[in-house]
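Please open the model in your viewer and keep a selection tool at hand. The stops below go from the whole chain to single side chains.

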Amino acid sequence: MGKTIEFKRPDGKAVHGYLAEAEAPVGAVVVIQEWWGLNEQIRGVAERFANAGFTALVPDLYRGKSTVEAEEAHHLMDGLNFGEAASQDVRGAVQYLKAAKLGSGKVGVTGFCMGGALTVLASTMVPEADAGVVWYGYPPLEYVDASKIGMPLMAHWATQDGAFAIAGVDALEAKLKEAKVRYEGHRYLAHHAFANEDAQGRHRIAITQYDAAWAQLAYDRTMRFFGLELG
């Protein structure tokens, strides 16, 4: 099981996060939460990466708050400064893992939903990161300066996503292509949050639906990608 740690942002402010340590790390990964906060599900994702050989750190972007209610999650997300979260919290987490010199010393960034959008932003704001994997989320494209992306990216998109329209994916991918970003995108006949095992049963919200088969395929692709780029 992981533990709560404290690390410093570039501006010197302290942030807490959940650290899941690999026994014999190949490298490390910063995992960015969905809009629910740093909950048990995202801790489980960190453990999954640790079991695959990547020490994982989840920054606590909501400063201790989390929820299972969509309305409150929306409120928490709206209160988050995305630019600061990417350039300070996520960058600070990457710098913390870099300083630990785990395995190859390389550090990736990955995130889901809101965290996917922040992964895209981090690719433009965190020069220390070595690779990124985006899961069904992107920011407003006017905030994406693809010319600043120096690391390779992989992305997993849901063609039936009710939160992040596939047309926006088309536009984002066009920007990445124009900037000659090393990019590998995958599309799945699935709904939003298809890799979140909590998105099933009576507790899921209407636009989400877990799909175990697609989730496994996406994770397999992710682990291979990080193995190649961070190993």
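What does the accessible surface of the chain come to, and what percentage of it belongs to carbon and sulfur atoms? The surface comes to about 10,300 Å², of which 50% belongs to carbon and sulfur atoms, with areas taken from the Shrake-Rupley method with a 1.4 Å probe and, for residues, only the protein chains shown counting as cover. This is a predicted model, in which local features need pLDDT of at least 70 and side-chain atom pairs count only at pLDDT 80 or more, while totals for chains, interfaces and linings use all residues. Residues are numbered from 1 along each chain as its sequence is written, and side-chain values use heavy atoms, with hydrogens and water left out.

**The whole chain**

From the N terminus on, their order is β-β-β-α-β-α-α-β-α-β-β-α-β-α. The radius of gyration is 16 Å, close to the 17 Å of the globule rule for 231 residues, so the chain is as compact as a globular protein of that length; the radius is taken over C-alpha atoms, and the rule is 2.2 Å times the number of residues to the power 0.38. Of the 231 residues, 53% count as buried, where buried means under 20% relative accessible area, exposed over 50% and partly exposed in between (1.4 Å probe, protein chains only).

**The nonpolar core**

Next select Val30, Val31, Phe49, Leu118 and Phe226, which touch the most other members of the largest nonpolar core, a set of 81 residues. Such a core consists of buried Ala, Val, Leu, Ile, Met, Phe, Trp, Tyr and Cys residues joined through side-chain atoms within 4.5 Å. Helix α6 (residues 212-230) supplies the largest share of this core, seven residues. Around Val31, not counting residues up to four places away in sequence, the contacts (heavy atoms within 4.5 Å) include Ile42, Phe49, Pro59 and Phe112.

**His156 in strand β7**

Now centre the view on His156, in strand β7 (residues 153-158). Is His156 buried or exposed? With a relative accessible area of 0%, His156 is buried. Its side chain has a polar contact of 2.8 Å with the side chain of Thr222 and reaches the backbone oxygen of Ala218 at 3.4 Å; a polar contact is a pair of N or O atoms within 3.5 Å, and within protein one must be able to donate a hydrogen and the other to accept it, while residues adjacent in sequence count only if both atoms are side-chain atoms. Among the other residues that His156 touches are Trp135, Tyr136, His186 and Arg221.

**Aromatic rings**

Show the rings of Phe7 and Tyr96, a tilted pair with 6.2 Å centre to centre and 50° between the planes. Rings of Phe, Tyr and Trp (its six-membered ring) pair if their centres lie within 6.5 Å, and planes under 30 degrees apart count as stacked, over 60 as edge-to-face and the rest as tilted. Phe7 lies in strand β1 (residues 3-8) and Tyr96 in helix α3 (residues 82-100), 89 residues apart; Phe7 is buried at 2%, whereas Tyr96 is partly exposed at 31%. Then move to Trp135 and Tyr136, whose ring centres are 6.3 Å apart with planes at 80°, so this pair is edge-to-face.

**A last stop**

Finally, select Glu142 in the loop between β6 (131-135) and β7, which is exposed with a relative accessible area of 64%.

Key:
Helix = DSSP H or I, 4+ residues; strand = E, 2+ residues; numbered from the N terminus.
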